[in-house]
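This report goes through one protein model, from local backbone detail to ring contacts, a pocket and totals for the chain. Please keep the sequence and the coordinates at hand while reading.

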Amino acid sequence: MKDKLDLLQRFFNNKYSQDDYFRLKKMVLDEDKELVELMAEHWENFALDNTRQKKDLSVILSDINSRQKKRSIQNDHFSKIIKYYSRIAAILMLPLLLLSAILILQLNQYLKQKDVYVEVNSPSGSRTALNLPDGSLVWLNGNSRIRYPVDFGEDRHVEVKGEAFFHVHSDKEHPFLVKANEIMVRATGTEFDVSAYEDDPEVSVILKEGKVAVLDVNQSLLKEMEAGYQLKYDRQTSSANYRQVNAENYSGWINGRLIFENAPMSEVIRRMSRWYGVRIKVKDEELLNLHFKATFTNESLEEALKLLQSTATFHYRIDTGRLKPDGSHQSSNVFITKNP
């Protein structure tokens, strides 16, 4: 009890440390009964303590007398007003803090009782980073979104549409679950990439560090993955393909790098479309058999296409997007064909 009283006194005297702040915040959120009683008692004593009031008045009077010789009557009167209202402000500070604590507690209770969710969207051609309630980090690629409860509680469960890279906060007692279309990824503390776009026939999971379990729609185990491997789940046939990859090539996008290592044209246009926020269409199917090795950082769309063009024979044309009647901007189209 005394320890909590000392903590309160340090806080009200503005002499608290960072540890004091987080400790007091936790006690407020945990609805610590002793803390509430101490705050109420402190307020009551502060408001009714005549001795303290008299002492404060004598200090004020002494201060006024010492300054009276140097100030005019008008300035002295102004000083009295400032001192008077300063003391009132000090008295009113505690009930305001109490009210804030009550509001925090009520909001915390509301969030725990209601199914309140957060949804974050990353627009086409952009990358978005965010922190989850448990301290995990997430990066969203272009045209992607994540949905999760504002309070994880016992379950750490999120849903992803598009591509996301997770750095999961370690907690072996509370598995981290990612729903990505027809599959579920279960982890405790690791780093992995999930690609689950609505228009993609496959869902991809690439594990960079640690271990994860991939489950199907019936919660049956598909694969216990190891670092440096990719699992591709075919949404039509419900089959999975497991292979070794360079995970860095698929996670470089969170650091602003688009990396291709002997990647087929189909993969290149798919990832570049999301990276640059455009639609890329290959007119001649035989071009899909081309493979590329390249790394893009700050290159524009046209610079990237020219670099790819220097290693393979094809022609491209960019149609710049225009404004639609409703005021929105139409995405650019890129058409890739064989050389005329």
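In which strand does Asn262 lie? In this predicted model, Asn262 belongs to strand β14, which covers residues 258-264.

Most residues other than glycine have a negative phi. Gln219, with a relative accessible area of 48%, is partly exposed.

| Residue | Relative accessibility | Class |
|---|---|---|
| Thr190 | 4% | buried |
| Arg271 | 15% | buried |
| Tyr229 | 22% | partly exposed |
| Tyr242 | 27% | partly exposed |

**Aromatic rings and charges**

A pair of aromatic rings is described by the distance of the centres and the angle of the planes. The count of aromatic pairs in the model comes to eight. One of them is formed by Tyr229 and Tyr242, a stacked pair with 4.8 Å from centre to centre and 10 degrees between the planes. This pair joins distant parts of the chain, for Tyr229 is in strand β12 (residues 229-234) and Tyr242 is in strand β13 (residues 239-244), 13 residues apart. Ring pairs also link Tyr148, Phe152, Phe166, Phe176 and Phe192 into a cluster.

Arginine side chains meet rings as well: the charged end of Arg127 is placed over the ring of Trp275, 3.8 Å from its centre, while Arg147 lies over the face of Tyr117, at 4.0 Å from the ring centre.

Rolling a probe the size of a water molecule over the atoms shows where empty space is left. In this model the largest pocket holds about 350 Å³ of space. Its lining consists of 20 residues, and those nearest its centre are Ser195, Ser204, Arg270, Arg271 and Arg274. At least two lining residues come from each of β8 (191-196), β9 (202-209), β12 and α7 (265-276), and α7 gives the most, with five residues.

Arg271 is found in helix α7, and this residue is classed as buried because its relative accessible area is 15%, the cut-off being under 20%. Apart from neighbours within four places in sequence, Arg271 is in contact with Asn249, Tyr250, Leu258, Ile259 and Phe260.

Thr190 lies in the loop between β7 (183-187) and β8 and also counts as buried, at 4% relative accessibility. With neighbours within four places in sequence left aside, the residues in contact with Thr190 are Phe166, His167, Val168, Leu207, Glu209, Gly210, Lys211 and Val212.

**The chain as a whole**

The protein contains eight helices and 18 strands, and 36% of its 340 residues count as buried. Among contacts with a separation of 6 or more, 45% are between residues 24 or more positions apart. The accessible surface comes to about 20600 Å², and carbon and sulfur atoms account for 50% of that area.

Note on methods:
Residues are numbered from 1 along each chain as its sequence is written. This is a predicted model: local features need pLDDT of at least 70, side-chain atom pairs count only at pLDDT 80 or more; totals for chains, interfaces and linings use all residues. Side-chain values use heavy atoms; hydrogens and water are left out. Helices (H or I, at least four residues) and strands (E, at least two) are DSSP runs, numbered from the N terminus. Buried means under 20% relative accessible area, exposed over 50%, partly exposed in between (1.4 Å probe, protein chains only). Contact means heavy atoms within 4.5 Å. Accessible areas come from the Shrake-Rupley method with a 1.4 Å probe; for residues, only the protein chains shown count as cover. Rings of Phe, Tyr and Trp (its six-membered ring) pair if their centres lie within 6.5 Å; planes under 30 degrees apart count as stacked, over 60 as edge-to-face and the rest as tilted. A charge sits over a ring if NZ of Lys or CZ of Arg is within 6 Å of the ring centre and within 35 degrees of the ring normal. On a 1 Å grid over the protein atoms alone, a cavity is a set of points where a 1.4 Å probe fits but cannot get out, and a pocket is an open set with protein on both sides within 12 Å along at least five of seven lines; lining residues have an atom within 4 Å of a point. Grid points are joined across faces, edges and corners, and a volume is the space filled by probe spheres set on the points.
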